[in-house]
Structures are given as C-alpha cells and as structure tokens.
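Subject: Handing over the structure

Hello,

The structure is below, and my notes on it follow. Please keep it open while you read.

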Amino acid sequence: MQEHKYDFKELKRDGLNVKVVSELGGRIMELSLDGFNFLFVNPVLDGVKNDQPEKSWNGIWKNFGGEKIWPAPQGWDSDRQWAGPPDNVLDGGYFKILSADENSILTQSPVCYRTGLKIERKISLLENQCGVRIDAEFENCIDKIGEWSVWPVIQVATPDENENRYAITFPAENGYQIMHGVVNNPQYSQEGENCRVDYKYIIGKVGANTDGEWVAYVDMQNGKTFVASAEYVQGAKYPSNTNVQIWSSGRGAIFSRGVLRIANDNRVNNPPYMEVELLSPLKKIAKGEKVKYTYFMRACTVPSGDSIKSVVGDVVISQNLSLEKSSDKTKVSAKLGAFAKGKVVLKNQNGDAICKAQEISQSKGVIVSAEFDSSKISEIDEIILEYFNGKHTLTIDKIKL
C-alpha cells in the first residue's frame, strides 16, 4: 500500500505547535508543547489514505485520532440524532480550509444531509497564553428543525503500558455518573471535589454536569499538562445532563445500541487512548440558523508525579499549599505550572514575601516553598501564593497556619 502524505496547516509560537489536516475531517492532529504531542495519533492508520468520503469505503470507521467536533445527541433511532461514528461527512469527510495565516486557521465541513449540519470553526493562537481558542459553529442547511449540542472530542495520548502514568481530572462537586462500562471501574475516583480518571486500559465513560469550566490531562511522568475549558451555562439543557465526558479505550464490556460489546486486549486493533469531551447546551436551530460554541485548549508543564487539582487563570496547580510540621521546623509548599511566563511567590498576611520569587513558564513548572522555625510560626497567620506576569497579580491559593 502506497503511503499517503497529508497536507496540513500549522500554527506555531513559543514551543506550541498545532497542525490541522483538512482531509481528516478538519482534525487537529498535533497540539504539542516542546515536541510532546498531547493528541492520540493512531499508529495503524499512519500514512493510510482517508477513503471514508469515497464510494469505495467499506463502512468501517477509520479512527485517525486527534481533535474534532461531533454533533450531540448521538444515536441511531432518527435523523435528529447523529449516527456516528462511523460517519463519512462530519467525522471522516474532506473539509475545506477557508483561510489560514500565522495566527488562525478557518475550516469548513461538507453538509451532512442526515442531520442538515455544516461545521465551521476558527482555530486561533491565544495572544498571552500557550494554547488556542476555537470558535465553532453549526449551521442547519435543511428544512427541518434540529436540537443540537456542539461536541468537541479530544483524543489524548496514553501509549505507555504503565497504568499509573496518565490522569484526567475535572471539578465534580456534585459527583459523576458512569455512562458506559462496569460500575466499579477502578479508573474512577473522587479526589476532593474533583473526579479523577486514572488510565488503566479499561473501556468506559464517565460524565458530569459541572460549572468548574476546566478538564485537565497530565502525563505524570514528565508533567506535561493539557487543559480544555469552556463556559458553563447555568440552568441550560445538556446532552445526558453532562457538559463533560471522559472516554477510555481498552479491554472490557459496554452495552451500546442494544448489544453487549466486548473489547479485547489487542492494542493494534484496540489502541490505548482517552477522550476529553466537552458539550455545549442543546439548542434548537431551524434552516439557516446557527449555534456557536467557544472553547480553549491550553498547555503547560507542572512538576512530575501528581494529578491536576485546579486551574486558576494562567496557573495550573498539581499540589495545593500544604504544611509539613516537625518539632522544630514548619514547611509550606505547592506545585504548579503556568500557561504564560511570570513569577510566583509566597507572602504572609501583611503582603511581605517569605521566599524568593521564582520564574515560571509553559515549559517550566515549579515547586514553591518556604521553611520556618516552628517557634516563630505564631508570627504568621496566613500564607498566600501569588502569581504575577508584569501586568496583573493573581492570588492562587491561601492557607491558614
């Protein structure tokens, strides 16, 4: 089989590299920081031509990986549901590049006449952060009213066999629901107010309705961190009452389309990856009307070894401020990364620095700490963690002593 070479459009800035392939459903096939690609690229399909829009296609889904947009609700009961994947238009079609320059790429799908939808999206580099903004749009092109949610599906890379390497976290203050797979899936846990998914190559899906507005994937071996985020609309109707869903590929069983499906351990045909999925509110759109959704994908580096606990402005926290006490010493520390260059420092309740300010950037996570004689700790009521980038100062965390 002759290897197929795909043309792509590229955005680059300060170690971030974004590649968009129009022939692969307009997918982003690379979102990398310092050479580390966060996105799953299916090795079995590397160099294989996408024939899904062609008459010769055999109807089998070619999951090339990357990041793309699907319509929700998903289903096979009526044309008011998106019956994919497989799908040869919105998932697997040949998209157009309407415009491209050094700062943005604008793509457009063909019209899917089952749903009536056409997808257009603008992928733009963020000015002051390491990441992209995506402005997505559905247009209804047929004379039927549909109710649709914009559904970004971001397949993230989990190639290592080590089951303790990859973690996805997101706020789930009201808990989470298991949507597919076994209910006692050991990948899922509640970590404080967050749902945590530790990848163990077990098939399943978990979801939540959350106003936390961020989802974070981290490779805990090297600290490379990817964060997807979007605005949450209070009181809005979301598909399956979820605006965040996490899919895990792997072995095991799920019940789907009325059939119990068993996935085996064949990592060639069933490769390891996870999906970070965002969903917009459902909205009815008539012919000629549009629904829009904006979301962000950002990248940084945190100290290795921990899951992500929170995202505050430019800063990602992998360990909140914590105390270690002994009879003679008290130590306070935190671990964090940032989407933009700046400095972090610890201060007391009076605003006085109690440690040297440290530089931080998208490529450099830091452990910020201070140590005191326990006999003098009574002079400090509170310790404050601050980030500043020359334009603004942001309080990241606080801890009472």
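Arginine 196 is buried, with a relative accessible area of 16%. Here buried means under 20% relative accessible area, exposed means over 50%, and partly exposed is in between (1.4 Å probe, protein chains only). Arginine 196 forms a salt bridge with glutamate 191, and the closest N and O atoms are 2.8 Å apart. A salt bridge is a side-chain nitrogen of Lys or Arg within 4 Å of a carboxyl oxygen of Asp or Glu. Glutamate 191 is partly exposed, at 21%.

Before going on, note that this is a predicted model: local features need pLDDT of at least 70, side-chain atom pairs count only at pLDDT 80 or more, and totals for chains, interfaces and linings use all residues. Residues are numbered from 1 along each chain as its sequence is written, and side-chain values use heavy atoms, with hydrogens and water left out.

Salt bridges

The structure holds 23 salt bridges. One of them pairs glutamate 386 with lysine 347, with 3.0 Å between the closest N and O atoms. This pair links distant parts of the chain: the two residues are 39 apart, with glutamate 386 in strand 30 (residues 382–388) and lysine 347 in strand 27 (residues 342–348). Strands (E, at least two residues) are DSSP runs, numbered from the N terminus. Are the two partners buried or exposed, or partly exposed? Glutamate 386 is buried, with a relative accessible area of 14%, whereas lysine 347, at 21%, counts as partly exposed.

Lysine 49 and glutamate 54 form another salt bridge, with the closest N and O atoms 2.6 Å apart. Lysine 49 is partly exposed, at 33% relative accessible area, and glutamate 54 is partly exposed as well, at 32%.

Nonpolar cores

A nonpolar core is a set of buried Ala, Val, Leu, Ile, Met, Phe, Trp, Tyr and Cys residues joined through side-chain atoms within 4.5 Å. The largest one has 61 residues, and Leu31 and Ile246 touch the most other members. Strand 10 (residues 146–157) gives the most to this core, with 6 residues. A separate core, apart from that one, has 23 residues, among them Ala334, Val344, Val345 and Ile396.

What does isoleucine 246 touch, leaving out residues up to four places away in sequence? Its contacts (heavy atoms within 4.5 Å) include Ile168, Phe170, Val197, Val206, Val215, Met274 and Val276. Lys205 and Glu275 are also among the residues that isoleucine 246 touches.

Cavities

On a 1 Å grid over the protein atoms alone, a cavity is a set of points where a 1.4 Å probe fits but cannot get out; a pocket is an open set with protein on both sides within 12 Å along at least five of seven lines, and lining residues have an atom within 4 Å of a point. Grid points are joined across faces, edges and corners, and a volume is the space filled by probe spheres set on the points.

How many cavities of 30 Å³ or more are there in the whole structure? The search finds 2.

Strand 5 (67–72) and strand 8 (117–125) are the elements that give two or more residues to it.

The largest pocket has a volume of about 1,400 Å³. Of its 43 lining residues, Trp61, Pro85, Trp247, Ile254 and Arg257 are the closest to the centre. The lining of this largest pocket divides into 23 nonpolar, 14 polar and 6 charged residues. In this count Ala, Val, Leu, Ile, Met, Phe, Trp, Tyr, Cys and Pro are nonpolar, Asp, Glu, Lys and Arg are charged, and the others, Gly among them, are polar.

The second largest pocket holds about 360 Å³ of space. It is lined by 16 residues, and Tyr6, Val21, Met29, Val41 and Asp46 lie nearest its centre. Strand 2 (16–21) and strand 3 (27–33) are the elements that give two or more residues to this lining. By class, the lining of the second largest pocket has 8 nonpolar, 3 polar and 5 charged residues.

Regards

Technical notes
Helix = DSSP H or I, 4+ residues; strand = E, 2+ residues; numbered from the N terminus.
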